Amino acid sequence: MATLIRPARLKDAEKIFALIHLNRDQLVPRSIGNIVENIDRFFVAEAEGEMIGCAAYTIHPELGDWSKAMVEIQSLAVKTAFRRQGAGGMLVEAIARKVSVFEPMELVVLTFAPDFFRSLGFREIPKTEVMHKLYTGCINCTKHTDPFTCPEIAMKR
Ligand SMILES: CC(C)(COP(=O)(O)OP(=O)(O)OC[C@H]1O[C@@H](n2cnc3c(N)ncnc32)[C@H](O)[C@@H]1OP(=O)(O)O)[C@@H](O)C(=O)NCCC(=O)NCCS
């Protein structure tokens with residue numbers, strides 16, 4: 001199967017929304033409006049003419065040292081039938097390549113798929129290293145009251 005990774009287009013927004021919704025147990029929900037507003041931060045994977053995966057990123061400033069902002073991988077999902085064929089890794093590397101020009105200090109992720117990210121060179125870190133994410137994202141979580149007891153694992157590369 002040939003997999004193509006490309007920047008998302010506005011017409012992908014509904015399919016991205018559906019894929020994120022399908023994986024709502026692992027991913028933070030996003031409205032279609034939020035996806036459209038951030039379409040330039042999404043990549044999609046295509047195979048056999050079908051959109052089979054998506055991923056996005058966001059940038060977390062580091063107070064007091066702006067050059068140390070970290071990039072968080074978000075909204076990463078591959079359709080079940082197309083998993084374990086490399087698309088997830090290709091999406092992460094496409095984001096890594098795109099953001100490398102900004103020279104971020106690190107790529108981070110909060111995830112239920114640590115083995116996948118380990119295979120891409122990420123390693124586990126304490127959540128205290130991603131406090132900005134906790135204050136901007138986790139604080140609005142509707143699943144867990146305390147990010148430090150939430151089972152998601154923080155990782156960086
Ligand atoms: C995580 C996810 C995106 C991986 O996508 P994928 O296309 O299957 O990933 P890849 O094929 O690139 O996998 C690369 C490597 O990661 C590891 N890996 C991937 N999925 C794994 C799993 N379920 N268990 C253990 N290792 C896994 C393997 O080492 C794999 O290499 P291999 O297949 O040669 O053994 C996909 O499983 C998914 O959509 N999960 C649901 C949503 C989710 O959890 N997203 C991550 C949120 S941050």
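Residue numbers start at 1 in each chain and follow the sequence as written. Because the model is predicted, local features need pLDDT of at least 70 and side-chain atom pairs count only at pLDDT 80 or more, while totals for chains, interfaces and linings use all residues.

The protein chain has five helices and seven strands, taken as DSSP runs numbered from the N terminus (helices: H or I, at least four residues; strands: E, at least two). Read from the N terminus, the order is β-α-α-β-β-β-α-β-α-β-α-β. As for overall dimensions, the C-alpha trace spans about 45 × 35 × 30 Å along its principal axes. The radius of gyration, taken over C-alpha atoms, is compared with a globule rule of 2.2 Å times the number of residues to the power 0.38. For 157 residues a compact globule would come out near 15 Å, and the protein chain, at 15 Å, agrees. Contacts here are residue pairs with C-beta atoms, placed from the backbone, within 7 Å; of those with a separation of 6 or more, 65% join residues 24 or more positions apart.

Setting aside neighbours within four places in sequence, Ile73 contacts Ala55, Tyr57, Val92, Ile95, Leu107 and Val109.

Around the ligand sit 20 residues, the closest being Gln26, Arg83, Gly88, Gly89 and Ser119; a residue is near if its C-beta atom, placed from the backbone, lies within 6 Å. Two or more shell residues come from each of strand E4 (70–78), helix H3 (87–100), strand E5 (106–111) and helix H4 (114–119).

Finally, the backbone. Most residues other than glycine have a negative phi. Glu48, in the loop between E2 and E3, has a positive phi near 50 degrees and is exposed, with 9 other C-beta atoms within 10 Å. Arg84, in the loop between E4 and H3, has a positive phi of about 60 degrees and is exposed, with 8 such atoms within 10 Å.

How values were computed: Two residues are in contact if their C-beta atoms, placed from the backbone, lie within 7 Å. A residue is buried if 20 or more other C-beta atoms lie within 10 Å of its own, exposed if 12 or fewer, and partly exposed in between; C-beta atoms are placed from the backbone.
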